[in-house]
Amino acid sequence: MEVRILKKHEQAPMNLLLLADPSRKIVEEYLTRGACYVAETNGDTVGVYVLLPTRPETIELINIAVAEEQHGKGIGKQLVIDAIKKAKDKGCKTMEVGTGNSSIGQLALYQKCGFRISGIDKDFFTRHYAEEIFENGIQCKDMIRLSQDL
């Protein structure tokens, strides 16, 4: 698997980006401010993530997604590790990530990769998304914020 930055003339893989964030408007907005990275295997895009600078020496990992047929192969963990390396290479001191309270698998993944819960943005998803989101039989209401020192 090779991870590379999306070239300026290339279209972002919206099908994958919308797996992680169902709001096309929000995805398109942060794509203008962040750097999109794609993971490819044999010419096929199997994953994606976006790195978004937020404050001096701080970067946020947003919209990490793996193609559904590729789940369970460790690609998500490889993407998180790659993002951490790229952030360190950019001189960042802190990486942040946010996920829904109902995103049980993602919460476990981020903690396995060294992130610690740093806060909760209550009702984030009910404030910013018109339609209700459900995962694992749980309504996604709150944004769980995690961070790690690099």
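How many nonpolar, polar and charged residues are there in the lining of the second largest pocket? That lining has six nonpolar, two polar and three charged residues, where Ala, Val, Leu, Ile, Met, Phe, Trp, Tyr, Cys and Pro count as nonpolar, Asp, Glu, Lys and Arg as charged, and the others, Gly among them, as polar. Please keep in mind that this is a predicted model, in which local features need pLDDT of at least 70 and side-chain atom pairs count only at pLDDT 80 or more, while totals for chains, interfaces and linings use all residues. Residues are numbered from 1 along each chain as its sequence is written, and side-chain values use heavy atoms, leaving out hydrogens and water.

By pocket I mean an open set of points on a 1 Å grid over the protein atoms alone, where a 1.4 Å probe fits, with protein on both sides within 12 Å along at least five of seven lines; lining residues have an atom within 4 Å of a point. Among the residues lining the second largest pocket are Ile5, Leu6, Leu31 and Cys36.

Turning to the largest pocket, 44 residues line it, and the closest to its centre are Ala20, Asp21, Asn63, Ile64 and Thr99. Its lining by class has 21 nonpolar, 14 polar and nine charged residues.
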